Amino acid sequence: MDVKGKKAVVFGGASGMGRASAELLAARGATVAILDRPGSAGAEVAAELGASFYAVDVTDFTGTETLLAEAVDALGELHISVTTAGGGSVKRTLSKSGLHDLDTFRAILDLNTVSTFNISRLAASHMSRNEPDDTDGERGVIINTSSIAAFEGQIGQVAYSAAKAAIAGMSLTMARDLGSLGIRVVAIAPSLFETGATAKIPEETRAALVRDAAFPHRLGRPDEYAKLALAVIDNPMLNGQCLRLDAGQRFGPR
């Protein structure tokens, strides 16, 4: 799909990988709507890009539906959906302080898996109304964010790993569900990236975290996520996959 002239939404577009994706899509000629938490820098980022901003809590599933509909109404159509919103917790299944509580586990799945599925199903509904393109009959591209934790989960990441593994696992099935409509679905599974969540990690700790990578031995950069998202959009043969973006990172148990 040629990005120029297309209409895109980016959930989590106020910072990190979402912001880099919104910036690159706008630079390549897409019209972008940013959806992110109230209190985020979304309005400022949108103003810089000539984009629109909608404040949304992705775990408010009904509110997400309403605001996405507003964004698409303003855009006119929806061709591209990128979701980077999410987060985790650090709790062991069983520790000296007791059992991993179910409320936290459910909350992490809601924040990552359920919200991603909700956004995807809603985006697909909007995309299904598009006129198919002249080449392959394509109507839209959905890009979701898994994590290296889906495959290389570490101690204390049981909820986050489960949530991100679910996002990876739904890609092929969802792509098959939506294939007859000309809608593609791909997940990206990044390793540790330079985001607000990693900004305060000391350099010595960073070096230890990336020592298992093949190359390069550093945290990923948000623009590298954005470049892969753009490549997915551009290449119609990329579908139903979870693409690792991790410099060959493979963790042992820690």
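Trainee: Which helix gives the largest share of the lining of the largest pocket?
Mentor: That share, three residues, comes from α1, where helices (H or I, at least four residues) and strands (E, at least two) are DSSP runs numbered from the N terminus. Please keep in mind that this is a predicted model, in which local features need pLDDT of at least 70 and side-chain atom pairs count only at pLDDT 80 or more, while totals for chains, interfaces and linings use all residues. Residues are numbered from 1 along each chain as its sequence is written, and side-chain values use heavy atoms, with hydrogens and water left out.

Trainee: Which elements supply at least two residues each of that lining?
Mentor: They are α1 (16-27), β2 (31-36), α5 (149-152) and α6 (158-178).

Trainee: And how much space lies in the largest pocket?
Mentor: About 1,300 Å³, a volume being the space filled by probe spheres set on grid points that are joined across faces, edges and corners. On a 1 Å grid over the protein atoms alone, a pocket is an open set of points with protein on both sides within 12 Å along at least five of seven lines, a cavity is a set where a 1.4 Å probe fits but cannot get out, and lining residues have an atom within 4 Å of a point. Of the 48 residues that line the largest pocket, Gly86, Gly87, Tyr160, Thr195 and Ala197 are the closest to its centre.

Trainee: What lines the largest cavity, then?
Mentor: Its lining consists of Ser21, Leu24, Leu25, Ala226, Ala229 and Leu230, with α1 and α8 (222-234) each supplying at least two of the lining residues. The space inside the largest cavity is about 30 Å³.

Trainee: Switching to the sheet, in what order do the strands come?
Mentor: Seven strands form an open sheet in the order β3-β2-β1-β4-β7-β8-β9, with parallel pairing, and two strands pair if DSSP finds at least two bridges between them. At the edges stand β3 (52-55) and β9 (241-245), each with a single partner strand, so one side of each has no neighbour in the sheet.

Trainee: How many bridges join β1 to β2?
Mentor: Five bridges join β1 (residues 7-11) to β2, and Val10 has Ile34 in β2 as its bridge partner.

Trainee: Last one: where does α4 bend?
Mentor: The bend is at Asp110 and comes to about 45°, taken as the angle between axes fitted to the seven residues ending there and the seven starting there.
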